[in-house]
Amino acid sequence: MQIFLGPFHPQLEDRLIEEIQRFKLSDPLRPLLIVVPSDSLRHYLMKQFALIHRLNLIQVSLLNFNQLSNTLYTEMHTADVNLQDDLFFEEILYGLIRKTNLDFSKLCDSEGGISALWQCLRDLKEGLFEPDIGTQALTEGHFGKAALRGKLPHLFSLYHKLEETCRSHQIFDYGEIARHAKETVADSVFLKSFDTVFYYGFYDLTQVLIDLIHEISKYRPTTLFFPLVRKAPGWVFSERFFERYIAGVATNITDLTEKTRPNALSLRRENLSPYATLFSETRPEV
């Protein structure tokens, strides 16, 4: 995995534009997949690519992680996916709490209580939490002696009941889809249709998405554009995430803050192919 490090603006975004241009130089029809963490970033980049930088976007797919996971999953599973949103899972939790003696009844009556509880359980799901291992750690005192008398045992039990309910009715959230999508990567015709994959802009992902990224990088050439300024205040969390989950799989790391680069749009137009020229005009002066 080739990696570029730097702040979003201007280094990382400029380098992304430059790498897309470089990728399209030899053949404007080369297929490229770009994956971003959110739909808001996806829409922003679409405007930057098309309206500002006039890039060649033929055979370029720009997806967020949910779209990628859903595409990979449905490619290998013909049955319709019972994919549900947060409100649906909140209603499931409400029903489970009312039917059991778990100590969360007050949350049902408080504004935003069920929503907060679902967000907590969703984090556990996306972190690949195992309730049996959690319960064992609890009884062994890894959470402190007082934890056994608190809400953690109830939380683990509720998580287990939620997992059983979703499994028996084949109910999925996007995290569950991403977990199953990882199993399809090796044989995915969709992924094989791209010459390379660019990941842009994430610095905090759930465990299921991290696993999906690593799995794809085993089978497709991969470039990661990671927002990070090393040893700088405000970037500590990003640096910890990078060192823990990303650095170990890197084949080459380029820190864009350590050197001055030419502008991303400085590629000479006369070196572009006739077709790419149509899509690679520089931004007009205002």
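Biologist: Where is Q59 found?
Modeller: Q59 sits in the loop between α2 (39-52) and β3 (60-64). This is a predicted model, so keep that in mind throughout.

Biologist: What is phi for Q59?
Modeller: Phi of Q59 is positive, about 65 degrees, although Q59 is not a glycine.

Biologist: Is Q59 buried, partly exposed or exposed?
Modeller: Q59 counts as partly exposed because its relative accessibility is 46%, and the buried class stops at under 20% while the exposed class starts at over 50%.

Biologist: And Q170, what is phi there?
Modeller: Phi of Q170 is near 55 degrees, again a positive value in a residue other than glycine. Q170 belongs to the loop between α8 (152-169) and α9. With a relative accessibility of 46%, Q170 counts as partly exposed.

Biologist: Backbone again. Which peptide bond is cis?
Modeller: The bond from H9 to P10 is cis, with omega near -5 degrees. P10 has its place in helix α1.

Biologist: What about L25, where does that one lie?
Modeller: L25 is also a residue of helix α1, which covers residues 8-25. L25 counts as partly exposed, given a relative accessibility of 27%.

Biologist: How far is L25 from N56?
Modeller: Their C-alpha atoms are separated by 9.8 Å, and L25 and N56 are 31 residues apart along the chain.

Biologist: Let's move to the helix packing. At what angle do α3 and α9 pack?
Modeller: Helix α3 (residues 65-76) and helix α9 (residues 174-181) pack at about 55 degrees, and their axes are 8 Å apart. The two helices are therefore oblique to each other.

Biologist: Left-handed or right-handed crossing for α3 and α9?
Modeller: The crossing of α3 and α9 is left-handed.

Biologist: Which residues meet there?
Modeller: From α3 there are N66, S69, N70, L72 and Y73, and they meet Y174, I177, A178, H180 and A181 of α9. By class, the contact of α3 with α9 has six nonpolar residues, four polar and no charged.

Biologist: What is L68 in contact with, sequence neighbours aside?
Modeller: Leaving out neighbours within four places in sequence, L68 is in contact with L33, V35, L63, F190, L212 and I216.

Biologist: Next pair. How do α11 and α12 pack?
Modeller: Helix α11 (residues 207-219) and helix α12 (residues 236-246) pack at an angle of about 55 degrees, with their axes 12 Å apart. That makes α11 and α12 oblique to each other.

Biologist: Is the α11 and α12 crossing left-handed or right-handed?
Modeller: The crossing of α11 and α12 is right-handed.

Biologist: And which residues meet in α11 and α12?
Modeller: Q207, I210 and H214 in α11 meet F241, Y245 and I246 in α12. That contact divides into four nonpolar, two polar and no charged residues.

Biologist: One more residue. Where does G95 lie?
Modeller: G95 is in helix α4 (residues 86-99). G95 counts as partly exposed because its relative accessibility is 24%. The C-alpha atoms of G95 and C108 are separated by 9.6 Å, and the two residues are 13 apart along the chain.

Biologist: Now the whole chain. How many helices and strands?
Modeller: The chain has 13 helices and six strands.

Biologist: How much of the chain counts as buried?
Modeller: Of its 286 residues, 44% count as buried. The chain exposes about 15,500 Å², and carbon and sulfur atoms supply 52% of that area.

Biologist: And what share of contacts joins residues at least 24 apart?
Modeller: Among contacts in the chain between residues at least 6 apart in sequence, that share is 79%.

Key:
Residues are numbered from 1 along each chain as its sequence is written. This is a predicted model: local features need pLDDT of at least 70, side-chain atom pairs count only at pLDDT 80 or more; totals for chains, interfaces and linings use all residues. Side-chain values use heavy atoms; hydrogens and water are left out. Axes are lines fitted to C-alpha atoms, for helices over the stretch in contact, and angles run from 0 to 180 degrees between N-to-C directions. Helices (H or I, at least four residues) and strands (E, at least two) are DSSP runs, numbered from the N terminus. Angles under 35 degrees count as roughly parallel, over 145 as roughly antiparallel, 65 to 115 as roughly perpendicular and the rest as oblique. A crossing is left-handed if the near helix is turned anticlockwise from the far one by less than a right angle, and right-handed if clockwise. Contact means heavy atoms within 4.5 Å. Ala, Val, Leu, Ile, Met, Phe, Trp, Tyr, Cys and Pro count as nonpolar, Asp, Glu, Lys and Arg as charged, and the others, Gly among them, as polar. Buried means under 20% relative accessible area, exposed over 50%, partly exposed in between (1.4 Å probe, protein chains only). Accessible areas come from the Shrake-Rupley method with a 1.4 Å probe; for residues, only the protein chains shown count as cover.
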